[in-house]
Amino acid sequence: MSTIKHFLYNKIKASLFLKITCFCWLLAKLLSWRIWTTNRLLPTAPVFAWLNYVPFVVHVILFMVSISLMGILVFKTNKHLLMGLLLTEGALCLLDLNRLLPWEYFYCFIAFSFLVNYNRPKRITPIIIFLLASTYFYSGLCKLNVGFIDTVWSNMILKSFFKISAHVVQQSWLQHIGYLLGVAELLAGVGLLFAKTRTKAAIVLILTHIFILLLLGPFVFRGYTLLWPWNMLMILFLTIIIVKRVEHISILQSLTMGWNKLILLCWGILPVLSFWGYWDYNLSSNLFSANLPRMMICIKDTAKCKSLSRFCSKRDMKNTCNGLAKIDIQVWAIAETGVSAYPEVRTYKAMQKKIEQEYGAAGLSFVYLEK
């Protein structure tokens, strides 16, 4: 194949990755539109305090610009539009960290990898393979904890999906099997990095995503519809990697060229620091680990905050609020916006100040549950 044909082949394949990304990104944005505007009760948590004074109309304009650029990029690849999209997404996340979701972070780096390798398309596929491998590796590693076994494996998968009785679920041997899910995911992530194991690893991961879609479908956990575009994108990416021939270019070689070093840093190195609290969980592929910090809001007088009543719960198994009504900030965020709140204590504290100002008469107290 001639040099020109090689270039065009890689350009078309890279363009396909970008179009799929923008289409799924657009769907996710539209499904979670409340988090991208301020038309909600959930407070914003800007990176800098002075950004609290940015008027609501700016959030709306940025959101409209964002989805417009994504819509155009689905049909037309353009370097300047791509740069504009990344700048817009950066501004939206600066205005509210709750928008910096794991899938948002992933989509941004797909767009970034395309932008910095725009004239070298053969580097894009190896970079995408690395992003996928990193996501699965760290996601699997984060699942090796008791919280994942109790919440996701036991309750979501065994009890809710497979309808296994609570007595059987409590068997220690069955509990320990849950750890194999994390191990299998991280090993499949590593397998994507090598040509000999890439196809097998991709097939395992595609089957995993199909199961996740069934788990999050209309018959089990209908509240997670927003995660469908993300899972569909991963399936499509993995399928393209299997079907389309991957050029024999070293992934490591691609990562050490130009701005790709930033991708290596953010996806290969920095996520390790999250295990010691020095890097944010949403930036470390911490997916469904059930091992993240939470904030509970205890309410003395629910009559003074009636607008929040739909997020309240009297169920308090850990007696966090001593019998008072409580609101789990994550339950509030998902119920109102479809996405979870940014799981960092500093973000919770920024939101706490606004909640206290708005509903101080309700006699609120805040409890932080560390992982």
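This is a predicted model: local features need pLDDT of at least 70, side-chain atom pairs count only at pLDDT 80 or more; totals for chains, interfaces and linings use all residues.
**Entry on helix α7**

I looked up α7 and found a kink of about 40° there, centred on S154. The helix runs over residues 146-161 and has 16 residues, yet I noted that its end C-alpha atoms are only 19 Å apart, which falls short of the 22 Å that a straight helix would reach at 1.5 Å a residue. I then asked which residues of α7 are buried. They are G147, F148, I149, V152, W153, S154, M156, I157 and L158, and I marked that S154, on which the kink is centred, is itself in that buried list. These buried residues pack against four helices that I wrote down with their ranges, namely α8 (166-169), α9 (172-177), α10 (179-191) and α11 (195-215).

**Entry on the cavity**

How many cavities of 30 Å³ or more does the structure hold? I found one, and about 40 Å³ of space lies in the largest cavity. I listed its lining as P102, Y105, F106, T135, W230, W267, N282, S285 and L287. Sorted by class, this lining has six nonpolar residues and three polar ones, with no charged residue. Helix α5, which covers residues 102-116, gives the largest share of the lining, three residues. My reason for searching in this way was that rolling a probe the size of a water molecule over the atoms shows where empty space is left.

**Entry on F106**

From the lining I picked F106, whose place is in helix α5. Is F106 buried or exposed? Its relative accessibility is 0%, and F106 therefore counts as buried. Leaving out residues up to four places away in sequence, I recorded that F106 touches L131, L132, T135, W230, L233, M234, F237 and W267. Three of these names, T135, W230 and W267, also stand in the lining of the largest cavity. I also noted that F106 and T21 are 85 residues apart in sequence, while their C-alpha atoms are 9.6 Å apart in space.

Conventions
Residues are numbered from 1 along each chain as its sequence is written. Side-chain values use heavy atoms; hydrogens and water are left out. On a 1 Å grid over the protein atoms alone, a cavity is a set of points where a 1.4 Å probe fits but cannot get out, and a pocket is an open set with protein on both sides within 12 Å along at least five of seven lines; lining residues have an atom within 4 Å of a point. Grid points are joined across faces, edges and corners, and a volume is the space filled by probe spheres set on the points. Helices (H or I, at least four residues) and strands (E, at least two) are DSSP runs, numbered from the N terminus. Ala, Val, Leu, Ile, Met, Phe, Trp, Tyr, Cys and Pro count as nonpolar, Asp, Glu, Lys and Arg as charged, and the others, Gly among them, as polar. The expected span of a helix is 1.5 Å times one less than its number of residues. The bend at a residue is the angle between axes fitted to the seven residues ending there and the seven starting there. Buried means under 20% relative accessible area, exposed over 50%, partly exposed in between (1.4 Å probe, protein chains only). Contact means heavy atoms within 4.5 Å.
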